[in-house]
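Hi there,

Here is the structure I promised to send over. Please have a look, and my notes follow below.

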Amino acid sequence: MDLSLTILLAAFAGGLFGAAIGGLPAFVFTGFAVLVGVAAAVGGSDFDIITNVAFGPVFGPHVAFAGGAAAAAFAYRRGRLENGRDIAAPLAGINDPITLIVGGLFGLGGYVFQQLLVGLNVAGYTDSIAFTVVVSAIVARLAFGRTGVFGSLDAEARQRGRFEPAGDRVWVDYQQGFLQAAILGLGAGLLSAWIVTAFTEANPDYAAAAGVLGFGISAASLLLLQTGFSVPVTHHMTLPAAVAAGAILAIGGSPLLALLLGAAAGIGGALVGETFSRLFLIHGDTHIDPPAGAIFIMTSIVIIVGLFIA
């Protein structure tokens, strides 16, 4: 657990930078950092880019993305942003320095909280980074939002029900159908699981890097979403799939079984993410991240199931 002054200052800077460029753009950089880190690991680099950059104080989602999301909520509360759920907006553009400071403070807080989870071994039972992203977002909503943790339903939403998104009460409208989400989860899960099996078969030393490669591809693909294209959000499908596939291979299971269970985990991540969006996001006025919720829930499920199988 590293809580040195230098690392804390770096985490503050990561959250501030995430707010300045926007939470979603910061997460896209997370994806590219993962891709670079995997290439560096396979190439034998002595510096762990994945841990120190992609999931550390630079572009760690619990630092940069969480800082950007919290800053958006704060800017909304101050009347400087029209939509508190707008994680795509680069907040340097609103010319409000205190908003950037808030992003830095949430980045610092996210880093410290996640490190405490690691120290308490909570990270052995879930994805501590994804869990931190959710906790950070809940804190931001309670501090800056007006709708409460679960959001508030207007008359129209009450009539159709919490779990029927429509109008502006949506997350990603072209993948909100549960069948559509499940099919995306199937494809993304299979691909991510295959990457894990292929890397592991080539060299078991690459297993850790392979476990995040699918996630990195998913995160980097959101550059297209940021620029207006209707690409799917899939990192909550690819990461649980990789975790499941890696767990099966670790206990001596076959690559085929790893692919099948990886696909199941991908589908599970997709469905949990959609459910999470209806519970926490679409009726709220700030961003509580459905993929992060799905990732930590599915990771816990995979770990618990693995304990019984082992």
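The buried residues of α5 pack against α1, α4 and α6 (128-144). Here, helices are DSSP runs of H or I with at least four residues, numbered from the N terminus, contact means heavy atoms within 4.5 Å, and buried means under 20% relative accessible area, with exposed over 50% and partly exposed in between (1.4 Å probe, protein chains only). The buried set in α5 consists of T99, L100, V102, G103, G104, F106, G107, G110, Y111, Q114, Q115 and L117.

Before going further, two notes on the basis: this is a predicted model, where local features need pLDDT of at least 70 and side-chain atom pairs count only at pLDDT 80 or more, while totals for chains, interfaces and linings use all residues. Residues are numbered from 1 along each chain as its sequence is written, and side-chain values use heavy atoms, leaving out hydrogens and water.

Back to α5, which spans residues 97-119. Its 23 residues reach 33 Å from first C-alpha to last, close to the 33 Å expected at 1.5 Å a residue (the expected span is 1.5 Å times one less than the number of residues). One of its residues, Q115, is buried at a relative accessible area of 12%. Leaving aside residues up to four places away in sequence, Q115 touches M1, D2 and L3.

On the α1 side, the contact is made by A11, G14, G15, G18 and A19, and on the α4 side by V63, A64, G67, G68 and A71. By class, this contact has five nonpolar, five polar and no charged residues, where Ala, Val, Leu, Ile, Met, Phe, Trp, Tyr, Cys and Pro count as nonpolar, Asp, Glu, Lys and Arg as charged, and the others, Gly among them, as polar.

Finally, the loops. Most residues other than glycine have a negative phi. N95, in the loop between α4 and α5, has a positive phi near 55 degrees and is exposed at 62% relative accessible area. N121, in the loop between α5 and α6, has a positive phi of about 65 degrees and is partly exposed at 44%.

Best wishes

Notes:
Helix = DSSP H or I, 4+ residues; strand = E, 2+ residues; numbered from the N terminus.
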